[in-house]
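Dear colleague,

Please find the structure below, followed by a short account of what was found in it.

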Amino acid sequence: MVTAILEFWQDRCGLDLRSLAVARVLAGLLTLADVILRGLHLREFYTEAGLLPRPLALQLHPSLSFPSLHIANDTVAYVSLLFVIHGAVGVGLLLGYRTQVCSVLVWVLTMSIQARNPLVLNGGDILFSAILFWGMFLPWGKVWSLDARSTEPPKHCKVFSAATVGLTFQMVTLYFFASLHKLEPAWLQEGSAVYYALSIEHFATPAAEILLRHPELHRWMTWSVLGFELVAGFLLLSTRPVVRTLGVFGCVLLHFGFGAFLELGMFRWFPMIGLLALLPSELWARDKTSVSDEMRKSPVTVMLLLVTALTFAINIDSLGKQKHHLIPNTIREFAPVFASWQSWNVFTGQTLYASGWYGIEIRTKSGAHYDVFRDDKPFSNKKPRYVSRDYPTQRWRKWTMISSSLLKPGPLKQHVLKWWLERWNERHPDDPAEKVQYWYFHEKTYENFRDAPTEKLLLGEYP
Amino acid sequence: VISRLALDLRSLAVFRIGLGAVLLFDLGRRSVEISTFLTDQGFTPRLLILDHYWSDFWWCLHLFTGTLPGAIFLLVVHGLLALALMVGFQTRWTALACYLATLSLHNRNPLVLDSGDRLLVLLLFWGLFIPWESRWSLDARKRDSGHYPASNSFSCPGTTGYLLQVCVMYLMAGYWKLHPIWLTEMSGVYRALMLEEFSTGLGVWLLQFPVLMKVLTLGTVVIELLGPFLLLVGNGRMRLLGVFLLASLHLGIALTMDLESFPLVSLVALLGLLPSTVWRLLLGDKEAEQGDPASSPGTNWCRGRIASSLAVLAITAIISWNAMMLLLGNRTNATLPPSLGWYSQTLGAFRLVQMWNLFSPVPRQESNRFFVEALLADGRRVDLWRNGKTLTFRPETLASAEYPTHHHRTFLHHLAYSGHPDLQRRFLRVLAYRWNSQHDDSERVLMVRLVFLFTPVKLHYRDSVPTIGQAAIHWPDPSDWVGPPVPLPRPESGLVP
C-alpha cells in the first residue's frame with residue numbers, strides 16, 4: 001500500500017537532474033540580477049541614510065521574519081559588503097561551485113535582505129525565497145556544474161526526495177490557489193478582471209493601453225487566464241512528458257503575458273526557476289529513465305514534508321473561507337522562515353479597482369513648487385503620461401504603494417517626509433525647501449470606462 | 001625564541017573545553033536576566049541602545065528580535081554552539097560562530113558587560129587562530145592521525161598571540177598599580193575590599209587584619225609583574241610556577257570578591273598555558289620534547305598565510321593599543337586623542353579594546369548601595385529593588401548579595417553614575433510597571449526614585465559611616481508628581497528616614 005502510494009508520487013514528483021541544473025543556473029542568474037537591481041538603490045532602502053533606517057524597521061515588527069544579517073550593522077560600507085558577497089555566491093550557484101554551500105548562503109542572504117526591508121517586496125520575492133529554500137535540499141549541482149567535474153556522473157538521471165515533492169507542490173500550489181482566489185465576480189460572471197488590472201496605472205505598460213482599446217478581448221482573456229490557472233497545476237503533475245512540457249511552457253507564457261502589460265519587476269522570472277525544474281526527462285534524452293529514490297526515513301525528510309503541508313494549509317487559510325485558521329498563530333509566526341506564509345491573491349479583491357498616482361511636492365523658500373518624485377520637475381496636478389514609469393525600479397513601486405498605506409501619523413511618516421526634504425536640500429543648497437507635502441491622486445476604476453473623478457488626497461506634510 | 005613560546009596542544013584542548021564551559025556558564029547566568037536585559041520589555045530595549053549606546057562599527061545580529069521567545073531562541077542556539085565548541089565538533093566553524101554570537105550578544109546590551117565578559121570575547125577571538133581541536137575533540141577523532149601535528153608542543157602566530165594577550169593583561173594590570181597606594185601605603189587590597197558591593201563575607205572579615213592586607217597588596221603587584229615573565233621563559237617548570245602563582249591570585253580574588261565570571265574566565269585562560277611538564281606527570285607521557293616544534297610534520301591551517309597574517313595583525317594591534325595606553329595614560333585616566341578615534345573604533349568592532357586598570361591605580365573612594373524608593377497610593381514606602389520590602393536604609397544583608405547577577409551590579413552602577421536620562425527613566429518606569437501589574441490599584445506606585453547610600457572609604461574601616469546621597473533620579477519628573485513631594489531623608493537624621 002505504502003509502496004504503491006510512493007510509486008504514484010514518484011512518477012509525478014521525481015525531477016530530472018538536468019532540469020534541476022538548468023533551474024540552478026537560472027536561480028544563480030536571478031540572484032545576481034536581483035542583487036544588482038537592489039544595489040542601484042542600496043542607500044535608500046537598506047541603510048541608516050535611507051528611507052527605512054534600522055530603528056524604524058525594528059519598530060514595524062517586534063521581530064523580523066528572519067535573523068537578518070542586514071540588520072546587524074546599518075552603514076553603507078557594511079551593507080555593500082554583504083551585497084558583494086551576495087552577488088559572489090549567486091555566481092557560485094550559477095557555476096555550480098560548492099553548490100551546497102552556495103545554496104545555503106544564497107538562501108540566508110536573500111531571506112536576510114527581505115527581512116531588512118519588507119516594504120519593497122512583492123509576491124515574486126516570496127516565491128523566490130520558497131524556491132531557494134527547496135534548493136538547499138535539491139541535488140541541483142549534480143550535473144552541468146563545476147562540482148560535477150570532480151565526481152563521477154550520477155547513475156540515475158531522476159531523483160525523488162522530500163525536496164522534489166516540496167518544490168513540485170510549491171509550483172502546483174501557486175497556480176491552483178491563484179485561481180481559487182480568483183473565483184469572484186470580476187473574474188467569473190463579469191469577466192472584467194483584465195480590464196480592471198490593465199487600468200491600474202501603477203503597473204500598466206504602454207502595451208496595456210493598446211489592449212485597453214479592445215474591450216471585446218477582455219472577457220475572453222480573463223476567462224482563459226482563470227481557466228488555465230485552474231488546470232495548470234494538474235498539467236504540471238502529469239506523467240506524460242508532452243502534457244507536462246505544455247504545462248511548463250503555458251505557465252511561462254502566462255507570466256510573460258502578464259509582464260508585457262503589467263510592470264511587475266522580476267515576478268515573471270522567479271516562477272521560471274521552479275517551472276524549468278519540472279521539465280520531464282524525455283526532453284533531454286530518449287532512453288529509459290531511472291529514478292533514484294531518496295525518500296528515506298530521516299528527520300530532514302519529515303521536516304520537509306511538514307513544511308510542504310504547512311505551505312498547503314496556510315494557502316487554504318489565505319482563502320478565508322472557513323471560520324478558524326487551520327494553522328494556529330504560534331506556528332504561523334515561524335512560517336515566513338520557510339516562505340510558507342503566502343497568499344496568492346494577486347489582482348483580486350479591492351486592489352483591482354484602485355488606481356492613481358503619487359506626487360511629492362516641495363515648496364522652496366523662493367516660493368516655487370517642485371515634484372521630487374519626478375526628477376525635481378515643477379509640481380503639477382496633471383496626470384503623467386505613463387504612471388508606471390514614475391518608478392525607477394519595482395522596489396520603488398512597491399515601497400511607494402506599501403509605505404503610503406502605512407503612512408499613518410507616526411515616526412515612519414515623519415521620517416519619510418523629512419528624508420525627501422533633506423534630499424532636496426542636499427541637491428539644491430541654493431534654494432532650500434520650506435515644506436514637503438505627500439499627495440495621492442486617487443482614481444477609482446469604474447466599469448466600462450466610465451469616467452471617474454480624481455481625488456487629491458494629502459497623505460502627509462512636514463514640517 | 002619560537003620554541004620558548006610554544007604551547008602544549010593538550011593544554012589548548014583543555015582551554016577549548018574550559019572556554020566552552022565558561023561560555024555556557026555565562027549564558028546560564030544570562031538566562032535569569034533575559035527578560036530584563038535582552039528584550040524590549042526590559043531596562044534596555046533595542047531602540048534605546050541604538051539611540052544612545054551604539055557605535056557605527058558594531059555588529060549585532062540580536063537586534064532582529066525584541067521578544068522574549070526570540071531572545072530565548074538566540075540564547076539556546078548560542079548554548080548549542082558553546083556545547084559544540086566543548087566537544088570539538090567542526091571546531092573552526094564553531095569557534096567562529098561562538099565568537100560572532102558572543103560579539104553580537106555583547107553589542108546587544110553593552111551596559112551590563114563586566115570584565116569577565118570582556119576577557120571572554122577576547123579569548124574567543126584568539127581561539128580563531130589556535131589549533132585547539134588537535135587533541136580531545138570529535139574532529140581529531142574523525143580525522144586520521146596524520147592530519148594534526150604529532151608533536152604536542154606547538155607554536156604558530158595564533159598561539160603566540162594568545163600567550164602575549166595573557167601576559168600583556170597581567171603586565172598592564174601590574175603597571176597601573178605602580179602607585180603609592182599599592183607600593184608605600186599598601187592599602188590597595190584593603191580599599192578594594194572596602195567596596196561593599198563586591199566583597200564577600202570572607203572579604204569583609206579579612207578587613208580586620210591590617211598586616212595581612214599589606215602583604216596581599218604587595219603580593220598582588222609582585223605576582224602581576226613577575227607572572228608574565230615566568231610564562232614567557234619556556235614550556236617548562238617556570239611556566240608552571242607562573243600559572244600557579246597567577247591562578248592563586250585569581251582564587252584569592254574569587255574568595256574575597258564577588259566578580260562572578262571574571263576569575264573563572266581568567267583561570268581558563270591560564271589553563272591553556274599549562275606546560276607539557278604537567279601532562280607528562282599526569283599522563284605518564286614519555287614523549288621526548290626535542291626538536292624544533294616549528295618543523296613538526298604535517299602542515300596546519302593556522303600556519304597558513306591568511307591565518308598567520310591575521311594573527312600577526314591582531315598581535316600588532318593589541319600590543320600597540322596597550323603601549324599607547326601606557327604612553328598616553330597619566331595613570332588615572334587614559335584617553336586617546338580624537339585623531340585616533342578610528343583606531344579605537346576599529347578595535348572596538350572586534351572587541352579587542354582593553355584596559356586592565358581594574359581597582360587601580362586607586363580603587364574607588366566610596367562604596368555604594370542603591371535603593372529604589374517607591375511611594376504607593378496607600379502611603380506606604382517600599383523598596384522596589386529589594387522585591388518590594390518596606391523601605392529601610394539599613395539593610396541587613398551583605399551588600400554584594402543584593403544583586404541577582406553581576407550584570408545587575410554593572411548595569412546599576414552605570415545607570416546611577418553616568419546613565420543616559422532616557423535609560424534612568426526607563427529603569428524606574430519598568431520597575432514601577434512591574435509592581436503595578438502585580439498589585440491592586442490601591443497599592444499602585446505614585447512615584448519612584450533612586451537613592452544612593454554612600455560609604456566613603458576611610459583608612460580604618462570603623463571610621464567609614466554611610467551617608468545618604470543627594471543625587472537621586474525621579475520618575476515621574478518632579479513637576480509631574482502626584483501628591484505632595486516627600487523630602488529625602490537628611491543625612492544627620494541617621495539612616496532611618
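**Nonpolar core and sheet**

In this predicted model, A:Trp420 and B:Phe427 touch the most other members of the largest nonpolar core, which has 161 residues. Such a core is a set of buried Ala, Val, Leu, Ile, Met, Phe, Trp, Tyr and Cys residues joined through side-chain atoms within 4.5 Å, where buried means under 20% relative accessible area (1.4 Å probe, protein chains only). Helix α9 (residues 162-181) of chain A gives the most to this core, namely 10 residues; helices (H or I, at least four residues) and strands (E, at least two) are DSSP runs, numbered from the N terminus. A second, separate core holds 91 residues, including B:Phe15 and B:Tyr162.

In chain A, 5 strands form an open antiparallel sheet in the order β6-β5-β4-β7-β8, two strands being paired if DSSP finds at least two bridges between them. Because β6 (377-378) and β8 (455-462) of chain A stand at the edges with a single partner strand each, one side of each has no neighbour in the sheet. Strand β5 (residues 369-371) of chain A is joined to β6(A) by 2 bridges, and A:Asp371 stands opposite A:Lys377 in β6(A).

Residues are numbered from 1 along each chain as its sequence is written, while chains are lettered from A and ligands numbered from 1 in the order in which they are written. Local features need pLDDT of at least 70, side-chain atom pairs count only at pLDDT 80 or more, and totals for chains, interfaces and linings use all residues, while side-chain values use heavy atoms, with hydrogens and water left out.

Yours sincerely

Conventions. Buried means under 20% relative accessible area, exposed over 50%, partly exposed in between (1.4 Å probe, protein chains only).
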